[in-house]
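Subject: Handing over the structure

Dear colleague,

I am passing this structure on to you, and below it you will find my notes on what was found. Please read them with the structure open beside you.

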Amino acid sequence: MSSSAQPLLLRALAGETLPRPPVWFMRQAGRSLPEYRALRETAGDFLTMCFNPEMAAEITLQPMRRFPFDAAIVFADILLIPQALGQDLWFAAGEGPRLGPLPALASMRGEIEASTGRLASIGETLSRVRAALEPERALIGFAGAPWTVATYMIEGRSSDRSGARTYAHQHPAELDQLLDILVEATSRYLVMQAGAGAQALKIFESWAEQLPEDVFERVVIGPHTRIVEQVRAAGVDVPIIGFPRGAGALVENYAEKVPVNAVGLDAQAPIALGQRLQKGGKTIQGALDNLLLRAGGPALDRRVDQLLESWGRGPYVFNLGHGVLPDTPIAHIEQVVRRVTGK
Ligand code: 1CP
């Protein structure tokens with residue numbers, strides 16, 4: 001494929017500066033769209049939707065029909081891996097994810113190989129979406145990062161993660177083993193996704209905040225590096241985006257040490273920091289505040305322009321700093337995507 005025929009997202013992730021950056025939004029599928037809410041009513045359970053390739057492909061494509069996004073992200077969840085390793089998972093209405101007791105480490109270690117097979121339907125979703133999507137729009141696969149996934153596995157639910165951070169200090173050897181298991185299972189899962197049609201892979205470290213520098217090295221930088229190395233060792237060369245959300249100043253350590261192609265930035269990331277990462281050879285992605293997207297108005301246009309002017313001159317993927325909130329007006333998403341793409 002000549003470089004101009006390649007999807008814009010892949011060109012940006014390869015380090016090209018483009019006339020305009022590609023744009024997609026975290027959580028572009030899901031509860032902000034009435035067509036998702038309608039399907040959710042009839043489908044019932046969230047996990048049933050994730051494991052039904054026809055339905056998950058449809059949900060992945062819903063935002064692609066509505067908005068001129070340059071990339072789709074497969075509809076799935078970061079917590080499918082713990083479930084595939086034997087931990088109970090359910091979604092209580094209005095409460096978010098819930099997990100059963102943490103299985104014994106030895107038992108989960110024994111399930112690593114089988115876990116990828118239990119996630120085969122996500123590969124089927126990717127193949128379906130890739131076949132249906134226009135060639136100039138890219139398809140992204142993803143997984144949760146080991147630390148973030150471990151916080152849910154340890155605490156059993158969403159929380160301020162102080163329990164998991166305490167566990168990291170009290171049980172360092174057990175945590176390292178748990179992270180190792182997750183590195184193995186996640187690497188295999190990402191390799192499977194690339195084989196099924198994912199053209200880029202994203203590692204979501206949604207809870208990288210409040211980690212002391214040495215702990216950040218151990219639970220974020222180390223596991224991410226090992227995942228990228230293992231995915232590469234399996235012969236997969238699709239670009240990888242790492243997103244250590246909340247890492248603050250430590251995102252610079254991350255960008256320096258983890259061999260990802262691109263680094264996702266959250267809404268707090270200073271403009272100058274993003275520019276330093278670009279100079280250091282990384283593509284950056286982010287970092288529009290999802291609250292500003294929800295609020296809308298002229299301030300939204302001004303911030304979009306500022307991001308385009310200051311980051312658009314280096315390799316850049318336009319995105320939010322965290323996912324689209326459920327009550328975000330659709331007109332605000334249209335407003336931003338139009339401003340970035342001219343479409
Ligand atoms: O309809 C519903 O009630 C389910 C809501 C929902 C959706 C639409 C959940 C439950 N997950 C998803 C899809 C999802 N999750 C995607 C799909 C693709 C897209 O972005 O459009 C992705 C990439 C995720 C990833 C995910 N799940 C993350 C990382 C990104 C982030 O937002 O930080 C996390 C932390 C989760 C856990 C999770 N799953 C669901 C919820 C509500 C949560 C967050 C719970 C919490 O706040 O701790």
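Is Gln210 buried or exposed? Gln210 counts as exposed because its relative accessibility is 56%, where exposed means over 50% relative accessible area, buried means under 20%, and partly exposed lies in between, with a 1.4 Å probe and the protein chains only.

Before going further, please note that this is a predicted model, in which local features need pLDDT of at least 70 and side-chain atom pairs count only at pLDDT 80 or more, while totals for chains, interfaces and linings use all residues. Residues are numbered from 1 along each chain as its sequence is written, and side-chain values use heavy atoms, with hydrogens and water left out.

The ligand

The ligand sits in the largest pocket. A pocket, found on a 1 Å grid over the protein atoms alone, is an open set of points where a 1.4 Å probe fits, with protein on both sides within 12 Å along at least five of seven lines, and a molecule sits in it if more than half of its atoms lie within 2 Å of its grid points. Around the ligand there are 23 residues, of which the closest are Tyr36, Arg40, Tyr152, Ser158 and Ser206; a residue counts here if one of its heavy atoms lies within 4 Å of the molecule. Sorted by class, this shell holds 15 nonpolar, four polar and four charged residues, where Ala, Val, Leu, Ile, Met, Phe, Trp, Tyr, Cys and Pro count as nonpolar, Asp, Glu, Lys and Arg as charged, and the others, Gly among them, as polar.

Some of the distances to the ligand can be given one by one. A polar side-chain atom of Ser158 lies 2.4 Å from an oxygen atom of the ligand, and an N or O atom in the side chain of Arg40 is 2.5 Å from a ligand oxygen atom. With Gln28 it is a polar backbone atom that lies 3.3 Å from an oxygen atom of the ligand. Taken alone, the ligand exposes 900 Å², and the protein buries 89% of that, with accessible areas computed by the Shrake-Rupley method with a 1.4 Å probe.

Backbone features

Most residues other than glycine have a negative phi, and most peptide bonds are trans. Gln210, by contrast, has a positive phi near 60°, and this residue lies in the loop between strand S5 (200-205) and helix H12 (213-233); helices (H or I, at least four residues) and strands (E, at least two) are DSSP runs, numbered from the N terminus. Arg161 also has a positive phi, of about 65°, although it is not a glycine, and its place is the loop between helix H9 (146-155) and helix H10 (162-170). Arg161 counts as buried because its relative accessibility is 9%. A cis peptide bond, with omega about -5°, joins Gly286 and Ala287, and Ala287 belongs to strand S8 (residues 283-288).

Contacts within the protein

Asn253, in helix H13 (residues 251-257), is buried, with a relative accessible area of 18%. The side chains of Asn253 and Glu213 are joined by a polar contact of 3.1 Å, that is, a pair of N or O atoms within 3.5 Å; within protein, one must be able to donate a hydrogen and the other to accept it, and residues adjacent in sequence count only if both atoms are side-chain atoms.

Leu211, in the loop between S5 and H12, counts as buried at 9% relative accessibility, and its C-alpha atom is 9.3 Å from that of Gly246, 35 residues apart in sequence. Lys343 is found in the segment after helix H17 (330-341) and counts as exposed because its relative accessibility is 57%. Lys343 and Phe69 are 274 residues apart in sequence, yet 9.8 Å apart in space, C-alpha to C-alpha.

With best wishes

How values were computed:
On a 1 Å grid over the protein atoms alone, a cavity is a set of points where a 1.4 Å probe fits but cannot get out, and a pocket is an open set with protein on both sides within 12 Å along at least five of seven lines; lining residues have an atom within 4 Å of a point.
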